[in-house]
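Hi there,

Here is the structure I promised to pass on. Have a look at it first, and my notes follow below.

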Amino acid sequence: MGLSLGLRPGLGAGQASGFNPLSLGEALHDLWDVERPGTVSLSSSTVTEWRSVKQGLAAAQAVGASRPIWFADGLNGRPCLMFDGADDELVFGGVGTFPVGGAPCEIWMLVRQDAGVADTSSRYAFAYGGASYWTSRGVRRNVVGGINRASVLVGDGVNNAFAFGPGDHGGPGVIRVEIGSGQAFASLNGGRGAGVAVAPATGAVVTRIGAATPGNLFFQGAIAVVAVTAPLDQDQAGRVTAWLKQRRGVD
């Protein structure tokens, strides 16, 4: 029998930061948050389903060996889902109301990236769109110049484009990717990297947490929050950044 989890005791919907992401209103397309009551379902300590807050999108995993593991205190002493980097993923068939085609969006994540630089494979924390790289949008980890980097992939229907965040994407991190109609950026912990020119051609087939849309290149580490938003203004982005930084416990 599955178990549905509530909030960690002592935390409210704003996770003690004074900010509730639902206050973004229509700018928030959807949110997965492990501290939201009733959204994570377990079989023992493995995650069978993680349901989004606004649309109720059920990212699920039927195969026991491919389920992430729930940890009550795995990220800054707070809840997270641990992905093993081998085959763990949660899958929703479709993309809900996420922007497709060339429509802009942002993707925000709170993660702990655990893969070492000796592992030079790409690893996806989140992706949605078509079932190929060329028709999807993804939040990734790459090794560039011997350093772990947060990155965004955007497919234009024929090719892929990549933009990289600054600094070392090792350990806890707040990721923001901005995907516009003609350019994309990746940011890590509030620092923004150089952009890349790309015109998205995003499909509407699948959403995956912990993997690329083809169902491979699995993430290794912890995930606590995934949010898809419209393009945010400076005030909105500042509030989301502060909220997630407080959750990760690093300035």
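In which strand is the place of Ser136? Ser136 sits in strand 11, which covers residues 136–144. Please keep in mind that this is a predicted model.

Let me stay with Ser136 for a moment. Is Ser136 buried or exposed? Ser136 counts as buried because its relative accessible area is 2%, under the 20% cut-off. Its side chain reaches the backbone oxygen of Ser132 at 3.1 Å, and a polar contact of 3.5 Å links the side chains of Ser136 and Thr213. Leaving out residues up to four places away in sequence, Ser136 touches several others, including Tyr128, Leu153, Val154 and Thr202.

Ser43 belongs to strand 3 (residues 40–43) and is partly exposed, with a relative accessibility of 30%. Beyond its neighbours within four places in sequence, Ser43 is in contact with Thr48 and Arg67. Ser43 and Ala27 are 16 residues apart in sequence, and their C-alpha atoms are 34 Å apart in space.

How many disulfides does the structure hold? There are zero disulfides. Cys80 is buried at 0% relative accessibility, and Cys105 is buried at 1%.

Now for some strand pairing. Strand 2 (residues 28–33) is mostly covered, with six of its six residues buried. Strand 2 runs antiparallel to strand 19 (residues 220–229), and five bridges join the two.

Five of its six residues are buried, so strand 15 is largely enclosed by the rest of the structure. Here are its partners:

- Strand 14 (residues 171–179) runs antiparallel to strand 15, with five bridges between them. Ile179 stands opposite Ala184, and a hairpin of three residues connects the two strands.
- Strand 16 (residues 191–192) pairs with strand 15 in the antiparallel sense over two bridges, and Gly191 is the bridge partner of Leu188. In their hairpin, which has two residues between the strands, Asn189 takes a positive phi near 55 degrees.
- Strand 17 (residues 196–197) also pairs with strand 15 in the antiparallel sense, over two bridges. Gln183 stands opposite Ala197 there.

Happy browsing, and write back any time.

Best wishes

Definitions and conventions:
Residues numbered from 1 in each chain as written. Predicted model: local features only at pLDDT ≥ 70, side-chain atom pairs only at ≥ 80, totals over all residues. Heavy atoms only, no water. Helix = DSSP H or I, 4+ residues; strand = E, 2+ residues; numbered from the N terminus. Buried < 20%, exposed > 50% of the residue type's maximum accessible area, 1.4 Å probe, protein only. Contact = heavy atoms within 4.5 Å. Polar contact = N/O pair within 3.5 Å; in protein donor to acceptor, adjacent residues only side chain to side chain. Disulfide = S-S within 2.5 Å. Pairing = 2+ DSSP bridges.
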